[in-house]
Amino acid sequence: MFATTPLRIVAVSAGLSQPSSTRLLADRLAAAARERLAAEQDRNVEVRVIELRDLAVDIANHLVSGFPSATLREAIDAVTEADGLIAVTPVFTASYSGLFKSFFDLIDNTALTGKPVVIAATGGTARHSLVLEHALRPLFAYLRAVTVPTSVYAASEDWGSSGDEYTEGLPSRIRRAGGELASAVLGRTVSEASRAPGLDDGDDAVVPFEQQLADLRLD
């Protein structure tokens with residue numbers, strides 16, 4: 001039996017604080033995707049989280065000089081060579097953060113062609129989740145990536161909440177997005193990404209991202 005190249009899931013976190021809810025959301029999405037991939041095939045699954053806060057100076061230098069540092073070049077290569085990508089940003093001024101946009105500005109607009117991506121964001125109050133559809137999804141469409149249907153917005157009140165009769169809890173949305181990413185990585189249709197049941201799953205009331213709105217500040 002010969003060794004098989006592992007599947008690589010890369011999560012990009014643009015959180016600025018430490019600890020960061022943005023990094024926490026990236027970790028949980030990556031864990032959900034890895035769990036589903038491990039359950040559905042025999043290859044190893046490698047997960048890497050790239051913290052953009054650690055690359056901020058390198059990103060700025062590259063923007064003005066046109067030459068990436070070795071560390072930044074390696075991070076860009078990890079993103080472009082990943083089998084699946086998770087992109088998470090805090091919401092600043094009703095959009096993605098400048099650091100998040102600056103990093104993806106450095107990636108060639110054909111380098112992510114066909115790559116499955118989960119988009120996600122964090123914010124302080126329930127008001128700005130439409131940033132996922134109005135800003136992040138168009139950005140990755142321009143980069144020719146394939147964003148999975150479920151995007152995940154986490155407002156401060158979502159952490160620790162199991163949802164109610166109208167809304168899914170955050171853990172349910174994370175599992176659903178992770179399952180969709182796993183299915184896309186394996187070349188399956190998203191309809192095959194059945195949700196694993198969890199304690200916070202109610203009936204089948206699926207809440208659109210529009211109802212999970214939030215206003216920044218929590219990164």
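**Close-up views of a predicted chain**

**View 1. The whole chain at a glance.** Of the 219 residues of the chain, 49% count as buried (under 20% relative accessible area with a 1.4 Å probe, protein chains only; exposed means over 50%, and partly exposed lies in between). This is a predicted model, in which local features need pLDDT of at least 70 and side-chain atom pairs count only at pLDDT 80 or more, while totals for chains, interfaces and linings use all residues. Residues are numbered from 1 along each chain as its sequence is written, and side-chain values use heavy atoms, with hydrogens and water left out. You will find 6 helices and 7 strands here (DSSP runs, H or I of at least four residues for helices and E of at least two for strands, numbered from the N terminus). Starting at the N terminus, their order is β-α-β-α-α-β-β-α-β-α-β-β-α. Contacts (heavy atoms within 4.5 Å) with a separation of 6 or more come, for 81% of them, from residues 24 or more positions apart.

**View 2. Confidence along the chain.** The mean pLDDT (the predictor's confidence in each residue, from 0 to 100) is 85, and 81% of the residues reach 70 or more. Residues 191-218 have pLDDT below 50, and this stretch has 85 contacts in the model beyond near neighbours in sequence.

**View 3. An aromatic cluster.** Tyr96, Phe100, Phe103, Phe104 and Phe140 form one aromatic cluster. The count of aromatic pairs comes to 5 (ring centres of Phe, Tyr and Trp, its six-membered ring, within 6.5 Å; planes under 30 degrees apart are stacked, over 60 edge-to-face, the rest tilted). Phe103 and Phe104 make an edge-to-face pair, with centres 5.2 Å apart and planes at 85°; both are buried. Phe104 also pairs edge-to-face with Phe140, at 5.1 Å centre to centre and 75° between the planes. Because Phe104 lies in helix α4 and Phe140 in helix α5 (residues 131-142), this pair ties together parts 36 residues apart in sequence.

**View 4. Gly169 in its loop.** Gly169 sits in the loop between β7 (152-155) and α6 (170-185). With 2% relative accessibility, Gly169 counts as buried. Its C-alpha atom is 7.0 Å from that of Asp158, 11 residues apart along the chain.
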